[in-house]
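Please read it alongside the sequence and the model shown here.

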Amino acid sequence: MKTDPVPIKNIRNFSIVAHIDHGKSTLADRLMERTGAITERQMKEQLLDDMDLERERGITIKASSVTMYYTHQGTQYMLNLIDTPGHVDFHYEVSRSLAACEGALLVVDASQGVEAQTVANTYLAVESGCEILGVINKIDLPAAQPDRVIEETEHIIGITAEECFPISAKTGQGVNELLEAIITKLPAPEDKSDKPTAALIYDSHADEYRGVIVYVRVFEGKLTKRQKISFMSSGKTYLITELGKFTPYATPVEEIGTGEVGYVIANIKKLADVTIGDTITDFTDPTDKPLPGYQPPMQMVFSDFYPGGTTDYPKLRAAFEKLALNDSSFSFTPQNSPALGFGFRCGFLGLLHMEIVQERLERENDVDVLQTAPTVSYEIVTTDGKAKRIDSPSELPDMQKIDEIREPIVKLEIITTAESIGGVMKLADDRRCKLIKTEYLSPTRVMMEYKAPLAEIVYDFYDQLKGISHGYATMDYEFLSFEKDKLVKIDFLVNGTPVDALSLIVHRSKAEQRGRRLLIKLRRAIPRHQFEIPLQVCIGGKIIARETIKSYRKDVTAKLYGGDVTRKMKLLKKQKEGKKRMKSIGMVNIPQEAFMSILDTSED
Amino acid sequence: MKSAHSTVGLYIHIPYCRKKCPYCAFYSVPIDTADPNRLIDAIFAELDSYDITEPVGTIYIGGGSPSCLPGDPLIEMADSLMSRYRNVSEFTMECNPAQADEATLRQLRAFGVNRLSIGAQSFNARELKTLGRIHSPRQIVEAVRIAKKGGFENIGLDLMFGIPGSSAKTWRHSLKSAAALKVQHLSVYSLTIEKLTPFARAVREGKLAVVDEAVERGMCKAARSLLRNAGFAQYEISNFAVPGFECQHNIRYWKNLPVVGIGPAAASWYQGKRTTNVADVAKYIKRIEAGRSAQSEAYIPSPEQIASESAVLGLRMTQGIDMPEYQKQTGFNLVRLFGDAIKKHSFHGLLECTVDDHCRLTEKGLSYADTVAQDFIL
Ligand SMILES: Nc1nc2c(ncn2[C@@H]2O[C@H](COP(=O)(O)OP(=O)(O)OP(=O)(O)O)[C@@H](O)[C@H]2O)c(=O)[nH]1
Ligand code: SF4
Ligand SMILES: [Mg+2]
């Protein structure tokens, strides 16, 4: 490995950003290959997506960085690349990555064109002050229309044709030209090597054997092995035991100089001891001004997790604690529901993030969980004038004591085809979204901007949007504020018992219709028991509708002889497995699907 | 007489029927093209490949329809089985009502077959037609008369409720007709729509209507009270007998005692191993003739699995599980192994432990045996 020091003017730091699936990780593969960071033999597709879940789902969840060395016209350059996720849930990873760079490669799929996260990520790049290069990818595809896409990029995000590079990350076509542009068009870091140490923590992760690994970008001075450092916001001090770079595999180095990116290991025990966005400085010769940090990521959806099957509360807690060791972006706080007992209220960046946490929880820890429907948080003002944030409808006090309920409002951006505008507008209208502006990107594609209640768009809105636009529409959203509206709470009683975990908050104009519909859904989702089960729905404490689940169908009149034993045991086992994700309330077993059914906004 | 525990049961599967019934999921094929002698040779060859050390206590020839075979091979089979095994106390053969031949039955009886199980299903002509059965209600009555005449004193009938188009009334008629025939045993079970059968398809396509479940529940109740009054005692979820005439062979299954199964698709539980033969006559014969095993599935259940199976099966009997016996057989204490399940279902009145150390389903519990059984799965 080349360790000759590279002068600051020969360093380039850049993030690769794009809409989901436009080919960021594949481009990273090609760049690593061209620069010789990895040999062909080591190559596997989307090499940086090394988490099991990333490989299984084919998406990037966590940003990762690589240091590469490349000789251009006889001069050696150090290139630090950060591959970022494209999904809206992980925007904060993109912001963090950009803050550690001077440049950004904005990848646009030549067969898809500019999409919602393309726009969102461009804004992030511009805000962070990064120099942007447009990369028009997948030109090898028969459906590619690079010229049209270049026009779109120029029109919407103001990147000119000269700043755009048509490439195929798959075949490698155009990648050499892009590499040259990275060197000639992206700026080098500013030389502040004579200043006291200031390094930005842009990420961290917990390693089972080595403790916490902190990812840094040095902006001023340098980091050296055995240096005594302090974290400026927490005030904690550590001794650096190892410094290194990902090339792409962790490779120890003696120091990390100004403008460089790398990792620090310093006997840090818990992930919680590290604040992303904090500044590392020298303990004896500290800088007087910390680097600008980041906003902590905002949790958009909340859901309660209860132990299910044979899992108990302590086991679930242990599983959460373990998971929190390497994902600091979700939260979990103990929760005691009158109906469901002890569990946790969890906060997530979005639905995908929630799904991932749930999957990892079950998979990596062998626990069974029962999860309530996700909800957004609300701000309530009580009659005594106090404002309070609640993360679950069940926390809502008596309506008499509430002055107003405020819900989260987001800026929603939709990019869709011109012919689907009507359908999109109808859907948006149905979901209480207010149109702010419509802008044609080209004669066939438009961008629509809305102010929308988060609760209306965070669950199934995207699926519906996809349906309406035959798969073409994409969307992105960003939190604006909490705003008051006419909101009411819907409660459900199962066998006479109110089930707080089934409560939801909806707009008054839709409450009754929604309540009746959900009651039917609930009736279908709860299996039959030995007795009849009445189901009731209340709005503001008043029962508005009732349904009944009939009692069991007899289950045993079939004969059973020798040959059937194995089959019968398998069948019973399967039926039993089905019960794992159920929760008993009173004498009624409520399955996971029932809790989720309250999210369903479809008509039947 | 040897106790059931030190003996073994023998089941022989004859996979032929004259015509396939559209609801049936048993392995059987039409007999027209078959060469029964080759199959019977293979069956004996397979039997020879087992090294059965225990005395054979019960024999059961089932199917399919054994009675669709010509008389001679059947009689020969009975003869050679009886000459091999000297401790057989119960020897059952299944018989289709349309295939009860007096001479054959008399001979079978003489060669040791002492129990006849007749697949009656219903005494309503329309229902029999729906089921695709090849016999009429009259032929059932006839078959029982012939069997009795041929010397059978232990006769069982199979009856089915929940047949599409049946009603509480037709069901009572079937029950009464069966009881009036003065047989010793009745198997009463509901029609199960099995996957991949023509019935399953017809139901899916809306061409066949299953009986309303409230009606079906009523049918189950009616069977219990009517048969009790006729002198039958329920000894298993779907089996009733005049006391003393319980089917010893089937009780082996519910007590999880060893049975060697011979023939295509037959299942064995022998020497700690559960095996199932290939469900394909041609393959079965080919493998046996080549001196190979006919088993297509085999596994050795763990002690816990055996304990779980024994509990699930044992609960099907109205006397329940004999707990000391269970411990001797499985090595596990039932209450310790399944304490939670027992507590829970006792609380809901579905299960009870009796003073004489049995754990059994209550009258109410008998109707929810699968719900209870799920909690005895480990
Ligand atoms: N034909 C073709 N396919 C490509 C090209 N680049 C990427 N792909 C394919 O596009 C899909 C998405 O590629 P990724 O590199 O995972 O995309 P990404 O932008 O990293 O996706 P996220 O990280 O999930 O946002 C994969 O199936 C790639 O094989 C290209 O130049 N040509
Ligand atoms: S006679 Fe019996 S085994 Fe044969 S097809 Fe009919 S139901 Fe099945
Ligand atoms: Mg990726």
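Helices (H or I, at least four residues) and strands (E, at least two) are taken as DSSP runs and numbered from the N terminus. The model is a predicted one, in which local features need pLDDT of at least 70 and side-chain atom pairs count only at pLDDT 80 or more, whereas totals for chains, interfaces and linings use all residues. Residues are numbered from 1 along each chain as its sequence is written, and chains are lettered from A and ligands numbered from 1 in the order in which they are written.

A residue is treated as near a molecule if its C-beta atom, placed from the backbone, lies within 6 Å of it. Helix H1 (residues 24–34) of chain A gives the largest share of the shell around ligand 1, 3 residues, and among the 21 residues around this ligand, A:Gly23, A:Ser25, A:Ile59, A:Thr60 and A:Gly86 come nearest. The shell around ligand 2 includes B:Cys17, B:Lys20, B:Phe26 and B:Gly119.

The table divides both shells by class, with Ala, Val, Leu, Ile, Met, Phe, Trp, Tyr, Cys and Pro as nonpolar, Asp, Glu, Lys and Arg as charged, and the others, Gly among them, as polar.

| Shell | Nonpolar | Polar | Charged |
|---|---|---|---|
| Ligand 2 | 4 residues | 5 residues | 1 residue |

Chain A comes to 14 helices and 33 strands. A:Asn267 lies in the loop between strand S15 (261–265) and strand S16 (279–282) of chain A, and its C-alpha is 6.5 Å from that of A:Gly211, although the two are 56 residues apart in sequence.
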